[in-house]
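Here is a short briefing on one protein structure. Look at the sequence and the model, then work through the topics below.

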Amino acid sequence: MMSMENELQQRSESSCELCKSTDALSVYEIPNSPTSGAEAAVYICQVCKDQIEDPEKVEPNHWRCLNDSMWSTVPAVQVMAWRMLNRLRAEGWPQDLLDMMYLEEETAEWAKAGVVEAEEEENLIIHRDSNGVVLEAGDSVILIKDLKVKGSSMIAKQGTAVRRISLDQENEKFIEGRVDGQHIVIITDFVKKI
Ligand SMILES: [Zn+2]
């Protein structure tokens, strides 16, 4: 059996699969890959590897090499090219290359794995009261108007305190709490944090 490194040396013809350098080549296993082994790895030089692993070291011009390597027929190379172009897209030219790039559906999903996660983390849902004050689970609020409670004849009166609220993780407009022993959903526009 051929080792993964040998397999990659052959595939790459012993040059960096991203920038064609022949110096200091090694195996880089692509994070967030659906498979493992050579098909989920690229054979790259130390310059590329350092910049991939440490975003602060990135020199955008080094990655002009992707202009060629993005056309590789190897999905692993396409994925790394896509991810680096995506990381650099604010430079302008990488966005142009991304727009030209064609990926099979599976490869596109693989390329976006991890990237999407990072973006979702940034878009965490934040609940705010009627004044824009951030609400956290366990906070207390008062109602700033009378609210009809859905599915019952109850009216939750303006000025009622709702203690130890919980937050709807899917919707930034909804919080939950107890009023007169009843568990109700309240719209954040109608509460004020106390
Ligand atoms: Zn390289």
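**Helix 6 and beyond**

On one side of helix 6, Glu105, Glu106 and Glu109 are exposed. Keep in mind that this is a predicted model. Start with this helix, then move on to the cores, the zinc ion and the cysteines.

- Which residues of helix 6 are buried? They are Thr107, Ala108, Trp110 and Ala111.
- Seen down the helix axis, these buried residues fall within an arc of 160°, so they line one face of helix 6.
- Glu105, Glu106 and Glu109 are on the other side.
- An α-helix has 3.6 residues a turn, so residues three or four places apart point the same way.
- Gly114 follows helix 6, and its phi is positive, near 90°.

**The nonpolar cores**

- The largest nonpolar core has 38 residues.
- Within this core, Leu18 and Trp63 touch the most other members.
- Two strands each supply at least two residues: strand 1 (25–29) and strand 2 (41–45).
- Helix 2 (46–53), helix 4 (75–87), helix 5 (93–100) and helix 6 (105–112) also each supply at least two.
- Helix 4 gives the largest share, with eight residues.
- What does Leu18 touch, leaving out residues up to four places away in sequence? Its contacts include Ile44, Ile52, Trp63, Leu66, Val77, Met80 and Ala81. Leu18 also touches Cys48, Cys65 and Ser69.

**The zinc ion**

- Which residues are the protein donors of the zinc ion? They are Cys16, Cys19, Cys45 and Cys48, each through its SG atom.
- These donors lie 2.3 Å from the zinc ion.
- Along the sequence, the donor residues are spaced C-x2-C-x25-C-x2-C.
- The four donor atoms subtend angles of 104 to 117° around the zinc ion, so the arrangement is tetrahedral.
- Cys16 counts as buried because its relative accessibility is 0%.
- Cys45 is buried too, with a relative accessible area of 2%.

- How many disulfides does the structure hold? The number is zero.
- Cys65 is in no disulfide. The nearest cysteine sulfur belongs to Cys48 and is 5.2 Å away.
- Buried or exposed? Cys65 counts as buried, because its relative accessibility is 16% and the cut-off for buried is under 20%.

Definitions and conventions: Residues are numbered from 1 along each chain as its sequence is written. This is a predicted model: local features need pLDDT of at least 70, side-chain atom pairs count only at pLDDT 80 or more; totals for chains, interfaces and linings use all residues. Side-chain values use heavy atoms; hydrogens and water are left out. Donors are N, O and S atoms within 2.8 Å of the metal (3.2 Å for Na, K and Ca); water is not among the atoms, so sites may look incomplete. Four donors count as tetrahedral if all angles lie between 85 and 135 degrees; four count as square planar and six as octahedral if opposite donors are over 155 degrees apart and all others between 65 and 115; anything else is irregular. Buried means under 20% relative accessible area, exposed over 50%, partly exposed in between (1.4 Å probe, protein chains only). A nonpolar core is a set of buried Ala, Val, Leu, Ile, Met, Phe, Trp, Tyr and Cys residues joined through side-chain atoms within 4.5 Å. Helices (H or I, at least four residues) and strands (E, at least two) are DSSP runs, numbered from the N terminus. Contact means heavy atoms within 4.5 Å. A disulfide is a pair of cysteine sulfur atoms within 2.5 Å. The arc is that of the directions from the helix axis to the C-beta atoms.
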